[in-house]
Amino acid sequence: MRRSRIITSTCIVALLAGCAAQQGPKSVNTVVQESTDALGDQGRSVNAPAYPPPPPPPVLLGQSAPMPSAQNRAGALKSMATGGRFAERERYPGGYIRPVVVPTEPGNERYDGKDVSPVHIARTDPVSTFSVDVDTGAYANTRRFLTAGQLPPKDAVRSEELINYFRYDYAAPESRATPFSVTTDVAVTPWNPQTRLMRIGLKGYDLPRSARPPANLVFLVDVSGSMSSPDKLPLVKSALQGLAGELSPRDRVSIVVYAGAAGLVLEPTNDERKIRDALERLSAGGSTAGGAGLQLAYQIARDNFIQGGVNRVLLATDGDFNVGVSNNKALIEMVERERDSGVTLTTLGFGEGNYNEAMMEQIADHGNGNYSYIDSALEAKKVLGDEMGSTLFTIAKDVKIQVEFNPAQVSQYRLLGYENRALREEDFNNDKVDAGDIGSGHQVTAIYEIVPAGVKGWSDPHRYEAVAPQGDSRGGELAFVKLRYKLPDGTTSRLIERPVAASLMRIAERPSGDFAFATAVAAFGQKLRGDAMLNGFTHTQIAALAGRQNDFWRQEFVRLVGLAGSMAGNDGPVERERAGG
């Protein structure tokens with residue numbers, strides 16, 4: 001007993017001596033300090049508000065640890081930038097405490113889907129106007145669901161992003177004076193022999209590597225606790241390290257990270273080793289001050305602005321912003337202001353469970369960039385390696401398409417996809433209305449389903465339609481296609497006009513080759529969205545329409561169609577109910 005008392009007394013004395021030796025939190029040279037010689041008087045950090053420093057209360061099971069002080073959050077951020085982990089011990093007045101990570105509830109993903117495009121009557125509503133879309137995130141995200149054995153939520157599927165994930169055999173533009181070519185063709189609709197499909201294809205010119213402008217890139221990396229899983233931060237590192245290997249000597253890369261605070265961890269450089277080392281040292285933990293991270297990334301981009309070059313922020317995150325500016329409207333207003341100053345935004349989505357795709361897609365659109373979802377190292381290589389020119393180098397901006405259908409040839413029509421890209425007719429000629437951009441080598445495909453005049457359509461003829469003035473055939477035109485675009489440094493739009501001959505509709509056959517594959521992808525997207533006008537077109541029929549393919553990505557598509565068919569219940573008329581549908 002006496003021996004136990006001696007041991008206990010000795011431990012107490014040692015503990016008191018250790019506590020007395022502590023003089024409170026030590027000062028650390030963090031990457032989020034408000035002012036340093038390297039970053040200038042204005043500072044390059046955005047911190048969350050400071051919190052009072054009393055000792056934290058006990059952390060109970062299921063509760064989050066109390067918010068650390070600004071100094072401790074800064075120290076944690078430095079720990080992330082130098083290989084430490086946020087979950088390691090943080091210093092608080094009175095001792096150490098290990099934060100408790102609360103698991104994210106599954107199925108908490110956020111999407112902003114639109115209803116399937118409605119049918120339009122050509123005699124009363126002949127004009128269709130929309131902004132181009134070169135995003136591909138919806139396809140990769142759909143693939144992630146299917147690969148995991150689950151049908152995607154209907155709101156997560158955007159048919160145009162599925163179609164534009166693939167490349168088609170469009171003619172290249174004849175000269176750089178017009179940055180893209182325009183192709184139109186017509187075929188019989190596979191799921192409705194009474195209707196026709198009209199395809200419009202744009203192909204941008206490929207900018208040679210030697211002709212690419214210098215790039216000022218800011219990698220903005222989410223290192224919050226929600227990014228700790230293998231399909232998030234580790235994949236971010238792989239993706240951005242791959243991009244670092246594609247840089248030219250004139251390019252510069254900076255790295256900004258954010259968790260509870262935001263900080264610069266790599267000054268502008270084109271040293272691939274430094275970039276890779278800085279990325280490798282990142283680790284995840286803490287809350288998510290995404291708005292602060294964006295503010296700092298834009299500031300770094302402005303400070304290193306390259307006149308006549310590419311100035312872009314690449315945001316890599318799961319979109320789960322929960323500190324500071326976090327609502328979509330405020331973020332959109334921020335990126336629009338920066339877009340007008342010449343700094344654009346590309347978003348790279350990662351992970352599952354708490355993924356906020358609605359925010360990722362919207363801020364990229366308003367930031368004159370593009371949105372991709374990275375579900376594998378292979379997809380990272382495709383987006384940031386093989387297609388780097390398309391991802392980073394804009395050849396035409398504010399690209400709008402307007403199609404006017406001739407009521408003498410077409411009675412009804414509908415556009416497959418592009419629901420969230422619809423514009424008003426008067427927006428087409430208004431150069432102040434923002435629209436999508438086309439990058440080097442990008443392609444854009446749009447497919448309309450049309451009902452020939454005199455053929456029974458989806459809706460009954462209107463009672464007084466017969467006494468309405470007859471349409472002008474205009475020499476046998478089916479439709480008239482107009483495109484507006486601006487050059488990357490331009491402020492005034494240019495116009496391309498092209499009629500579509502009605503004879504194409506009369507001689508149309510079932511789609512073949514590239515057109516057949518594009519139609520299969522469109523049908524797959526519409527089927528996943530629950531389009532009632534596919535007339536029971538099955539997954540088996542979609543796969544047969546796609547045909548045998550030699551390209552890896554197209555072969556994968558056919559396999560995904562088969563997976564979806566097996567999950568939907570053997571192509572029966574009633575598919576299994578999906579969450580979020």
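Reader: Hello! Is Tyr448 buried or exposed?

Author: Welcome! At 0% relative accessibility, Tyr448 counts as buried, because buried means under 20% relative accessible area. Keep in mind that this is a predicted model.

Reader: Which residue forms an aromatic pair with Tyr448, and how do I read such a pair?

Author: A pair of aromatic rings is described by the distance of the centres and the angle of the planes. Here the partner of Tyr448 is Tyr413, with 6.2 Å centre to centre and 65° between the planes, an edge-to-face pair. Tyr413 belongs to strand 14 (residues 410-415) and Tyr448 to strand 16 (residues 443-452), so the pair ties together parts 35 residues apart in sequence. Tyr413 is buried too, with a relative accessible area of 2%.

Reader: How many aromatic pairs are there?

Author: The count comes to 18 aromatic pairs. One of them joins Tyr168 and Tyr170 and is tilted, at 6.0 Å centre to centre and 45° between the planes. Both Tyr168 and Tyr170 are buried.

Reader: Now for helices. How do I describe helix 13 against helix 14?

Author: Two packed helices are described by the angle between their axes and the distance between the axes. For helix 13 (residues 513-528) and helix 14 (residues 539-546), the axes come within 8 Å and cross at roughly 160°. That angle makes helix 13 roughly antiparallel to helix 14. The crossing is left-handed.

Reader: Which residues of helix 13 and helix 14 meet?

Author: From helix 13 come Ala516, Phe517, Thr519, Ala520, Ala523, Phe524 and Lys527; from helix 14 come His539, Ile542, Leu545 and Ala546. The residues of this contact divide into eight nonpolar, two polar and one charged.

Reader: What covers the buried residues of helix 9?

Author: Start with the helix itself: helix 9 (residues 357-366) is mostly covered, with nine of its ten residues buried. Among them are Met359, Met360 and Ile363. The cover includes helix 3 (137-147), helix 4 (159-163), helix 8 (328-340), strand 10 (310-317), strand 11 (344-349) and strand 12 (371-373). Just after helix 9, Asn368 takes a positive phi of about 55°.

Reader: Where is Lys329 found, and is Lys329 buried or exposed?

Author: Lys329 is found in helix 8. With a relative accessible area of 62%, Lys329 is exposed. The C-alpha atoms of Lys329 and Met359 are separated by 9.2 Å, with the two residues 30 apart along the chain. Met359 is one of the buried residues of helix 9.

How values were computed
Residues are numbered from 1 along each chain as its sequence is written. This is a predicted model: local features need pLDDT of at least 70, side-chain atom pairs count only at pLDDT 80 or more; totals for chains, interfaces and linings use all residues. Side-chain values use heavy atoms; hydrogens and water are left out. Buried means under 20% relative accessible area, exposed over 50%, partly exposed in between (1.4 Å probe, protein chains only). Helices (H or I, at least four residues) and strands (E, at least two) are DSSP runs, numbered from the N terminus. Contact means heavy atoms within 4.5 Å. Axes are lines fitted to C-alpha atoms, for helices over the stretch in contact, and angles run from 0 to 180 degrees between N-to-C directions. Angles under 35 degrees count as roughly parallel, over 145 as roughly antiparallel, 65 to 115 as roughly perpendicular and the rest as oblique. A crossing is left-handed if the near helix is turned anticlockwise from the far one by less than a right angle, and right-handed if clockwise. Ala, Val, Leu, Ile, Met, Phe, Trp, Tyr, Cys and Pro count as nonpolar, Asp, Glu, Lys and Arg as charged, and the others, Gly among them, as polar. Rings of Phe, Tyr and Trp (its six-membered ring) pair if their centres lie within 6.5 Å; planes under 30 degrees apart count as stacked, over 60 as edge-to-face and the rest as tilted.
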